[in-house]
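Subject: A structure for you to look at

Hi there,

I am passing on the structure we talked about, and my notes follow below it. Please have a look at it first and then read on.

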Amino acid sequence: MTTNLIGSKVIVVDFGAQYGQLIARRVRECHVYSEIVPYTKALDVIKAKRPRGIIFTGGPNSAYEDGAPAISTEVFDLGIPVLGICYGAQLMMHLLGGHVCKAPVREYGKTEVFVDPASKLFADISSSTVCWMSHTDYISAPAPGFEISAHTADCPVATAENEERKLYAIQFHPEVLHTVEGK
């Protein structure tokens, strides 16, 4: 599938990620302009700039704790596709009614991920692939309207997606080189 992305822009919403700059660079490597904005200003920037897509970064917090970095759920109703990575995925699920909690087993490092080849996210990806995980919390149940499209031996929801709303939550880090088919 070829899409003309010249002139497109993606807003990368930073929730304190260690890989925020890398996410933006990976987007630019795909010939798409990306701009990193702090979560505290993101909704205003998104409304003003109307990007083609939004990426929520990871971060060191637990989405379910009081005072954790967050964004208004209004962002999910703008009709702009949203990809949440790690904390960004957990935050999306938490805000939309899924369940996020401390994982019984912490996943860190290269992890085998089993993907649903019918998912548009995983077109041309092996049904079993190696991805980089770095989390102590996980999504134990996706939000209503989301389908699970990837899992690991210890993480029941490595990816959840709502294709109709163009909302995608992935627990792993596709931006790092350790994720074999991340790009």
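Let me start with a question: is lysine 166 buried, partly exposed or exposed? With a relative accessible area of 31%, lysine 166 counts as partly exposed. Please keep in mind that this is a predicted model.

Most residues other than glycine have a negative phi. Lysine 166 has a positive phi, near 60°, and sits in the loop between strand E8 (159-162) and strand E9 (167-170). Histidine 31 is another non-glycine residue with a positive phi, about 65°. You will find histidine 31 in the loop between helix H1 (20-29) and strand E2 (33-38), where it is exposed at 62% relative accessibility.

**Salt bridges**

The whole structure contains seven salt bridges. Here are some of them.

- Arginine 165 and aspartate 77 form a salt bridge, with 2.9 Å from N to O. This pair links distant parts of the chain, 88 residues apart: arginine 165 is in the loop between E8 and E9, and aspartate 77 is in the loop between E3 and E4. Arginine 165 is partly exposed at 32%, while aspartate 77 is exposed at 58%.
- Glutamate 163 pairs with lysine 120 at 3.6 Å, N to O. Glutamate 163 belongs to the loop between E8 and E9 and lysine 120 to the loop between strand E5 (99-115) and E6, so this bridge ties together parts that are 43 residues apart in sequence. The relative accessible area is 24% for glutamate 163, which is partly exposed, and 62% for lysine 120, which is exposed.
- Glutamate 74 and lysine 47 form a salt bridge whose closest N and O atoms are 2.6 Å apart. Because glutamate 74 lies in the loop between strand E3 (53-56) and strand E4 (82-85) and lysine 47 lies in helix H2 (residues 42-49), the pair ties together parts 27 residues apart in sequence. Both are partly exposed, glutamate 74 at 33% and lysine 47 at 37%.
- Arg25, Arg26 and Glu29 are linked in a network of salt bridges.

**A buried glutamate**

Helix H3 (87-95) and strand E6 (128-141) are the elements that give two or more residues to the lining, and E6 has the largest share, with four residues. By class, the lining is made up of eleven polar, six nonpolar and three charged residues.

Helix H3 deserves a look of its own. Seven of its nine residues are buried, so H3 is mostly covered. The buried ones are Tyr87, Gly88, Ala89, Gln90, Leu91, Met92 and Met93. After H3 comes glycine 97, with a positive phi near 100°.

Key. Residues are numbered from 1 along each chain as its sequence is written. This is a predicted model: local features need pLDDT of at least 70, side-chain atom pairs count only at pLDDT 80 or more; totals for chains, interfaces and linings use all residues. Side-chain values use heavy atoms; hydrogens and water are left out. Ala, Val, Leu, Ile, Met, Phe, Trp, Tyr, Cys and Pro count as nonpolar, Asp, Glu, Lys and Arg as charged, and the others, Gly among them, as polar. Buried means under 20% relative accessible area, exposed over 50%, partly exposed in between (1.4 Å probe, protein chains only). A salt bridge is a side-chain nitrogen of Lys or Arg within 4 Å of a carboxyl oxygen of Asp or Glu.
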